[in-house]
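Subject: Structure handover

Hello,

Here is the structure for you to look over. My notes on what turned up follow below it.

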Amino acid sequence: MIQHPTNAILDYNEPTQDQQNGIFDAAANPSSNNGNYSYAYMVPCQTCSGLAADANWTKDSSGNLHIPTTDYDQNITGALKLYPLPNTTPTAGNGWSNYAYAPNVPQNRWEATGKLDYAITENTKLSGTYAYQNEVDQHPITIWWAPPNTLPYPAPVTAATNSQVILGNFTHQFGATTTSETVFTLSRYINPNKLGNNAANRSTVGMSGVPGLFGHTSTQMPNIVGPWEGALSNIDQEPMDGPFDGGSFGALKQVPQFYETVSKVIGTHTAKAGFYWSQPYNSQSSGSDSGGEDQGQFNMGWPANYGTNNVVSDFELGRVASYEQQSGVPLDNFQMNQWSIWAQDSWKANRRLTLNLGLRADHEGQWYGEPAGNQVWVQSSYVDSQTAPANTGLAWNAIDKNVPLSGFVSPLFYYDPRVGLIYDIRGTGKTLLRAGYGAYRYQISVNEATSNNVGDGPKGIVNYTSPKAFAGYANVANGGTPATSVSQSGWLSNTTIGADLLGDDRVPFTGDWNVSIDQAVPWQSLVEVSYVGDKTTGEEFNGGNGNINNLNNLPLGAYWQKDPITGTYCSPSAPSSATAGCNEVDFRPMHNYGNVYLLTHQSYEKYNSLQASWRKNGALLNFQANYTFSKVMGIWDGDTSNGFGNGSTVWPYAIAPNYGPLDYDHTNIFNIWYIYNLPRPIHGNRLLATAINDWKLSGWNQYQSGSYLQANLPTLNANYPSAASGGTLFTMPNGLPAGGMNASSWLGSASVNNLMPLLTCNPDSGRKSGFYYNANCFAAPSTIGVEGPLHWPYMRLPAYYTNDLSIFKSFPTRESQRLELRVQGQNFINHPLPQFNLNGSNSDDQINFEPSSGGCTAACLGAPPVNVSTSGKPLFTTGQRLMTFSAKYYF
């Protein structure tokens with residue numbers, strides 16, 4: 001089968017023909033109304049970065065700046081042609097973009113399935129199924145997720161993907177009371193991605209003069225990544241010269257499973273016992289978490305040393321913010337082993353009481369990398385020196401047999417009880433007590449287990465990031481002379497690494513409990529009231545989104561001290577080029593690395609709820625109504641690898657301050673569904689009776705209170721004040737001026753993600769109609785080094801409400817055939833749902849301390865937001881009434 005997926009049109013901002021020819025005119029900025037892409041249109045600055053003015057740069061009578069193309073870096077002139085010329089007119093409707101692309105490519109696939117059922121004897125049966133799928137996947141932009149400003153890759157990337165699933169079942173009944181069931185399954189998936197031609201080769205795009213590091217120069221062109229705002233689009237792809245499947249990028253995933261269950265009825269006991277085994281395996285190409293890959297990556301931006309304040313001219317002139325590369329393409333071969341022995345008994349103790357008792361002995365093995373194992377952190381072996389050995393401070397099984405393959409510890413068994421009861425309180429079957437407790441363990445995803453390059457050291461992989469900006473694409477190492485190798489320790493390289501906590505023997509654990517009363521009530525219906533709760537511990541921290549357990553966090557106030565490397569003071573928010581900016585890596589405790597994330601099983605969460613339901617089944621009316629009052633509490637760890645995000649980290653130096661309602665906490669949830677057989681008013685007229693009688697009315701209504709606002713918007717997207725261009729907002733404790741307020745300048749550390757505003761009153765009180773918080777209660781911090789509270793009063797995002805209604809009827813036409821007519825209304829009362837930030841501008845969920853006129857003085861410190869009348873009320877609504885009329889014929 002050939003599929004033609006319908007994809008949304010992608011919008012970009014691309015260099016104009018004039019810009020490619022070196023002509024820059026700020027008046028041509030198509031986004032002058034909203035500020036998007038402004039750094040693509042600013043007139044380049046010749047001397048703002050301290051470089052001598054180039055006499056070849058001229059201005060014409062209209063004020064346009066002309067940069068001769070002979071000044072362009074010779075290694076970029078070919079790659080510049082990869083950027084398409086504009087094909088659309090920028091308007092407010094397309095976000096002031098000038099190029100549109102629709103990635104509609106066919107995906108060819110075929111599938112086959114088969115099933116076998118064989119009754120060997122009356123008591124012995126064998127069955128099996130097999131499913132096969134083959135698909136040619138095409139990735140015109142990049143293989144996985146990419147920022148929305150990523151262009152189609154120059155060379156086509158395709159993958160001959162196939163998956164197979166095998167299931168076998170053998171069941172034998174030994175007698176009326178004993179049954180044995182044996183099951184085996186195997187699922188397998190592989191997707192080897194390959195380049196279709198050499199259009200992305202360095203020689204093809206004119207980048208042959210760009211060397212690689214570590215003695216390795218890939219034939220594939222380096223990635224080019226612009227700033228997040230999209231002022232320069234990305235050309236970004238995974239490395240295609242790795243060891244996977246003979247030189248491709250992809251993954252092989254397979255999970256074999258085997259389980260045996262024996263059931264036995266012994267008097268009033270129904271006993272079951274069994275064994276379970278599985279061995280998930282994941283072999284996957286791994287690019288660098290820092291984005292460098294082994295072909296290298298040039299990051300464009302507004303670098304302090306070589307920037308022109310125009311990202312397009314920087315790109316053409318070779319003024320690069322940083323360069324990243326890893327020494328090879330690691331193949332992450334990770335697997336885990338799990339097996340369980342379990343037994344369970346359902347015992348009818350007497351006429352009114354039934355007990356369920358069970359116990360599992362679970363071996364929940366940790367993920368481990370083959371063949372050398374996962375790396376762990378050993379602080380005593382770390383050497384803070386330029387001459388330190390590669391991967392200093394790290395150890396793994398291949399070099400130290402005392403380190404487990406997984407880095408963690410896998411106990412032989414965890415013991416997990418399961419108990420439950422059903423008790424007929426009055427002996428009439430109308431009032432039942434149910435209660436139970438169960439202990440459950442599980443393993444994290446392989447993506448979580450391999451985060452932050454935790455397996456790179458054992459594979460000999462070293463990551464490098466240039467510590468400063470530089471000019472010239474050939475000067476990839478420290479902005480200096482072209483190099484073919486680089487220090488294996490990467491001194492001051494700002495490389496992120498992860499390491500398991502040696503000896504950690506925990507896995508995620510959930511203890512679940514419930515107590516409920518079922519009561520038969522009038523109208524032949526049943527009411528159930530329950531208390532349900534659980535607590536999960538042992539969730540893994542990877543640190544990547546919040547800096548929790550980052551061993552190399554910058555201390556608070558670090559930027560207020562002298563730079564440990566240069567011995568001079570600096571300002572992280574320098575108001576002008578005359579004031580030195582701060583080099584973050586200089587201030588880290590360990591200079592051979594950037595972030596050093598210690599992976600542990602320390603995160604936890606709790607759920608408690610009161611649940612009530614009322615349900616009825618009858619000839620005319622069937623319905624069920626449910627209500628839940630609940631609270632979900634836990635750690636805002638910023639991690640989304642195992643499902644929904646918990647919330648953004650507000651304090652990186654300890655775990656406990658990040659405890660609060662999670663961002664999927666919905667206190668009140670109510671829903672009801674119903675089916676009602678409408679009356680039969682027509683009698684004696686068969687034609688009218690057929691048309692009017694026996695219609696059915698069905699519906700669904702749901703209400704869900706909004707989630708916790710702070711977990712989703714930890715600072716309400718605070719835009720803190722800054723001084724006018726070149727001005728001073730406040731003076732830091734080291735005596736240097738700061739031009740703007742942020743966590744680095746106000747708290748002295750780049751490791752704090754969120755600078756919290758002050759609270760002057762309860763922002764959940766005094767709210768106007770339609771507002772979800774009171775912006776008047778927030779203020780910019782006023783005392784340097786002191787931020788606002790880490791936790792706010794409970795405020796909610798907009799609630800969710802929906803209602804569906806349908807009326808339908810089946811008309812028999814023949815004995816086995818019928819016609820069904822249906823009219824359905826989704827959101828039939830057309831209830832609008834308020835929503836923040838629908839256009840991505842944060843105009844309605846931001847507290848803005850920056851005056852619209854631009855530029856602040858010390859009077860802005862401690863001042864309320866300037867947009868208190870617009871912040872807190874959603875500007876947008878979603879949802880619409882959708883009516884559907886359908887006719888179906890069943891035969």
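Strand β16 (residues 297-299) is joined to strand β18 (residues 322-326) by three bridges, and the two run antiparallel. Within this pairing, Phe298 stands opposite Tyr323 in β18. Strands here are DSSP runs of E with at least two residues, numbered from the N terminus. Two strands pair if DSSP finds at least two bridges between them.

Before going on, the basis. This is a predicted model: local features need pLDDT of at least 70, side-chain atom pairs count only at pLDDT 80 or more, and totals for chains, interfaces and linings use all residues. Residues are numbered from 1 along each chain as its sequence is written, and side-chain values use heavy atoms, with hydrogens and water left out.

**The four-stranded sheet**

β16 and β18 belong to an open sheet of four strands, in the order β12-β16-β18-β27, with mixed pairing. At the edges are β12 (223-225) and β27 (463-465), each pairing on one side only. Neighbouring strands are turned by 15 degrees against each other on average, direction ignored. The axes behind that angle are lines fitted to C-alpha atoms, and angles run from 0 to 180 degrees between N-to-C directions.

**Strand β19**

Four of the five residues of β19 (residues 331-335) are buried, so this strand is largely enclosed by the rest of the structure. Buried means under 20% relative accessible area, exposed over 50%, and partly exposed in between (1.4 Å probe, protein chains only). β19 pairs with two strands. Five bridges join it, antiparallel, to β15 (residues 281-285). There, Gln284 has Asp332 of β19 as its bridge partner. Two bridges join β19 to β22 (residues 368-369), also antiparallel.

**Asp663**

Asp663 sits in the loop between β34 (659-661) and β35 (668-677). Leaving aside neighbours within four places in sequence, the contacts of Asp663 (heavy atoms within 4.5 Å) include Gly645, Asn646, Ser707 and Asn712.

**Disulfides**

The whole structure holds three disulfides, each a pair of cysteine sulfur atoms within 2.5 Å. Counting bonded cysteines along the chain, the pattern is 1-2, 3-4, 5-6.

- Cys570 to Cys582: the S to S distance is 2.0 Å. The torsion about the S-S bond is about 105 degrees, so the disulfide is right-handed. Both cysteines lie in the loop between β31 (525-541) and β32 (596-616), 12 residues apart. Cys570 is buried at 3% relative accessibility, whereas Cys582 is partly exposed at 22%.
- Cys761 to Cys777: the sulfur atoms are 1.8 Å apart. With -95 degrees about the S-S bond, this link is left-handed. Both cysteines lie in the loop between β39 (758-759) and β40 (778-779), 16 residues apart. Cys761 is partly exposed at 37%, whereas Cys777 is buried at 0%.
- Cys856 to Cys860: the sulfur atoms are 1.9 Å apart. The torsion is about -85 degrees, so this disulfide is left-handed. Cys856 and Cys860 are both buried.

Best wishes
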